[in-house]
Amino acid sequence: MRMLLFALLAAAIGSLAAVPVTGALRQRDAYPRGVMDVMAQHADALDRSLRAQRCGADRTAGDFAMLVTMSGEIPRAFPGLMADRQFAKFANDAHAFDRQAAANPAAECAGLRKTLAQVGQHCDQCHQQYR
């Protein structure tokens with residue numbers, strides 16, 4: 001009986017201690033997750049514009065501007081990975097492409113489709129190796 005009581009007490013203390021540890025781990029990864037989530041949201045918005053056949057620069061400029069901003073935040077979100085040459089190349093190439101896409105927006109849906117495919121390729125290159 002005494003062992004059962006100790007086992008239950010240890011389980012209760014362990015579960016109570018796990019809550020702050022889990023919270024601390026989540027806080028540590030909040031900014032990198034946030035950068036990726038915001039980029040995904042804007043890429044999805046661009047995809048929705050494409051599916052709705054609303055592909056003009058006036059419709060997509062804001063989302064492309066946010067992709068430029070957020071891809072520029074990758075070095076700050078992942079400072080430890082930036083020492084890895086391959087990761088740094090992926091991050092810099094993605095940011096350069098996003099800047100180019102925002103500066104030269106597609107005027108029609110075929111151009112937006114091609115641009116979004118290239119954005120996806122940049123994301124996939126990195127995520128396949130570092131996710």
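Biologist: A crossing is left-handed if the near helix is turned anticlockwise from the far one by less than a right angle, and right-handed if clockwise. In which hand does α5 pass α6?

Modeller: α5 passes α6 in a left-handed crossing. This is a predicted model, in which local features need pLDDT of at least 70 and side-chain atom pairs count only at pLDDT 80 or more, while totals for chains, interfaces and linings use all residues. Residues are numbered from 1 along each chain as its sequence is written, and side-chain values use heavy atoms, with hydrogens and water left out.

Biologist: At what angle do the axes of α5 and α6 cross?

Modeller: They cross at roughly 165° and come within 10 Å. Axes are lines fitted to C-alpha atoms, for helices over the stretch in contact, and angles run from 0 to 180 degrees between N-to-C directions. α5 and α6 are therefore roughly antiparallel to each other (under 35 degrees is roughly parallel, over 145 roughly antiparallel, 65 to 115 roughly perpendicular, the rest oblique).

Biologist: Which residues of α5 and α6 make the contact?

Modeller: From α5 they are Gln-86, Phe-87, Phe-90, Asp-93, Ala-94, Phe-97, Asp-98 and Ala-101, and from α6 they are Thr-115, Gln-118, Val-119, His-122, Gln-125, Cys-126, Gln-129 and Tyr-130; contact means heavy atoms within 4.5 Å. By class, this contact of α5 with α6 has eight nonpolar, six polar and two charged residues (Ala, Val, Leu, Ile, Met, Phe, Trp, Tyr, Cys and Pro are nonpolar, Asp, Glu, Lys and Arg charged, the others, Gly among them, polar).

Biologist: And how do α2 and α6 run, parallel or antiparallel?

Modeller: α2 and α6 are therefore roughly antiparallel to each other. The axes of α2 (residues 30-51) and α6 (residues 109-130) cross at roughly 155° and come within 10 Å, and the crossing is left-handed. Met-36, Leu-46, Asp-47 and Leu-50 of α2 meet Cys-109, Leu-112, Arg-113, Leu-116 and His-127 of α6. That contact has six nonpolar, one polar and two charged residues.

Biologist: What about α2 with α3; how do their axes cross?

Modeller: The axes of α2 and α3 (residues 57-71) come within 9 Å and cross at roughly 155°, and this crossing is also left-handed. Among the residues in contact are Val-35, Met-39 and Leu-46 of α2 and Phe-64, Leu-67 and Met-70 of α3. The classes here are 10 nonpolar, four polar and two charged. Helices (H or I, at least four residues) and strands (E, at least two) are DSSP runs, numbered from the N terminus.

Biologist: Changing topic: what volume does the largest pocket have?

Modeller: Its volume is about 530 Å³. The lining has 23 residues, with Met-36, Phe-78, Cys-123, His-127 and Arg-131 nearest the centre. On a 1 Å grid over the protein atoms alone, a cavity is a set of points where a 1.4 Å probe fits but cannot get out, and a pocket is an open set with protein on both sides within 12 Å along at least five of seven lines; lining residues have an atom within 4 Å of a point. Grid points are joined across faces, edges and corners, and a volume is the space filled by probe spheres set on the points.

Biologist: Which helix gives the largest share of that lining?

Modeller: α2 does, with seven residues. The lining divides into 17 nonpolar, two polar and four charged residues.

Biologist: How many cavities of 30 Å³ or more are there?

Modeller: The count comes to one, and the largest cavity has a volume of about 40 Å³. Met-39, Leu-67, Ala-94, Phe-97, Asp-98, Val-119, His-122 and Cys-123 line the largest cavity. α5 and α6 are the elements that give two or more residues to this lining.
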